[in-house]
Amino acid sequence: MKPWTTLLTAVALGTAAVVLLTARSWRIALRILLDLLTAVGLIRLSAAQTWTDLAAAAVVVALRQLVSTALLGSGHRTERPGGAKALFGTGHRVDRPGGADETSPGGPG
Amino acid sequence: MSEELLGRVVEVLVVVVEAVGAAVIFVGAVWTAGRFVVSGLRYRSAAVFTPIRLSLGRFLTLGLEFQLAADILRTAVSPSFGQLGRLAAIATIRTALNYFLRREIEREQRQLGTPADAGHPARPGPSRSGSSGRSGVDRR
């Protein structure tokens with residue numbers, strides 16, 4: 001199982017690097033890296049035999065959630081190819097191409 | 001004798017179901033990583049990544065469902081309290097992660113304005129967000 005998780009970790013790092021270079025947004029690159037590392041953690045969890053393996057996998061998953069919430073939770077605007085703007089985070093505010101700006105009353109979740 | 005046979009059958013089933021779950025997660029991660037790279041190079045825009053992240057989240061939740069099923073099966077053949085405790089810990093982590101992933105998917109779907117059941121992993125992301133006729137605002 002270990003070669004597969006190592007391979008996937010390398011793929012995650014490479015993908016995050018490409019996203020960082022193309023989108024020029026460290027937040028999106030970090031989010032994608034954390035998502036892919038979550039997948040690695042889940043696969044590692046399948047092979048967890050000892051309490052140490054289990055704790056390691058749990059820490060990776062918990063860390064991912066923590067960083068995702070604390071660091072990236074505020075959300076920020078990104079441009080869609082068609083011109084519309086959307087938030088890449090937890091915000092609910094959406095800008096329409098025509099200029100109308102709507103905000104939802106409820107919070108996230 | 002029949003109890004021993006049942007134990008072996010369950011053990012094989014556990015391995016098969018767990019392997020399917022791990023395979024779904026692995027294939028989903030590799031496939032979406034490829035899409036991240038292709039979309040990043042093609043569009044060079046940050047917004048195209050959100051639908052792909054949703055696809056990855058769906059792959060992860062599907063794989064987690066399989067792995068949780070394997071955990072439930074495993075309770076049938078776990079003879080000691082030590083094994084049951086470890087099983088409970090794994091099931092708790094997976095259930096919590098499943099919950100957070102689902103919440104994240106729903107939240108981002110609301111931002112994109114796509115219905116909750118419309119997300120097939122094989123569907124390309126950017127065209128979905130662009131062609132959807134629904135409002136991108138949560139009105140609840």
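Predicted model: local features only at pLDDT ≥ 70, side-chain atom pairs only at ≥ 80, totals over all residues.
Trainee: Which residues have the most contacts inside the largest nonpolar core?

Mentor: The general idea is that in soluble globular proteins, nonpolar side chains tend to be buried together. Here the largest nonpolar core has 45 residues, and those with the most contacts inside it are A:Ile32, A:Leu36, A:Ala39, B:Ile25 and B:Phe49. At least two residues of this core come from each of H1, H2 (26-46) and H3 (51-70) of chain A, and likewise from each of H1 (2-43), H2 (49-74) and H3 (81-112) of chain B. The largest share, twelve residues, is supplied by H2(A).

Trainee: Is H2(A) mostly covered or mostly uncovered, and how far apart are its end C-alpha atoms?

Mentor: A general point about helices comes first: an α-helix has 3.6 residues a turn, so residues three or four places apart point the same way. In this structure H2(A) is mostly covered, with 18 of its 21 residues buried. As for its length, at 1.5 Å a residue the 21 residues of H2(A) should span 30 Å, and the end C-alpha atoms are 30 Å apart, so the two values agree.

Trainee: Where does A:Arg24 lie, and is A:Arg24 buried or exposed?

Mentor: A:Arg24 lies in the loop between H1 and H2 of chain A, and this residue has a positive phi of about 55 degrees although it is not a glycine. A:Arg24 counts as exposed because it has 11 other C-beta atoms within 10 Å, and the cut-off for exposed is 12 or fewer.

Trainee: What does the secondary structure of chain A come to, and in what order do its elements run?

Mentor: Chain A has three helices and four strands, which run α-α-α-β-β-β-β from the N terminus on. Of the 109 residues in chain A, 34% are buried.

Trainee: Which elements of chain A have the lowest and the highest mean pLDDT?

Mentor: Chain A averages a pLDDT of 70, and 63% of its residues score at least 70. Among its elements, strand S4 (residues 101-102) has the lowest mean pLDDT, 40, while helix H1 (residues 2-23) has the highest, 90. Over residues 75-109 of chain A the pLDDT is below 50, and this stretch has 67 contacts in the model beyond near neighbours in sequence.

Technical notes. Residues numbered from 1 in each chain as written. Chains lettered and ligands numbered in written order. pLDDT = per-residue confidence, 0-100. Contact = placed C-beta atoms within 7 Å. Core = buried A, V, L, I, M, F, W, Y, C linked by C-beta atoms within 7 Å. Buried ≥ 20, exposed ≤ 12 C-beta atoms within 10 Å, placed from the backbone. Expected span 1.5 Å × (residues − 1).
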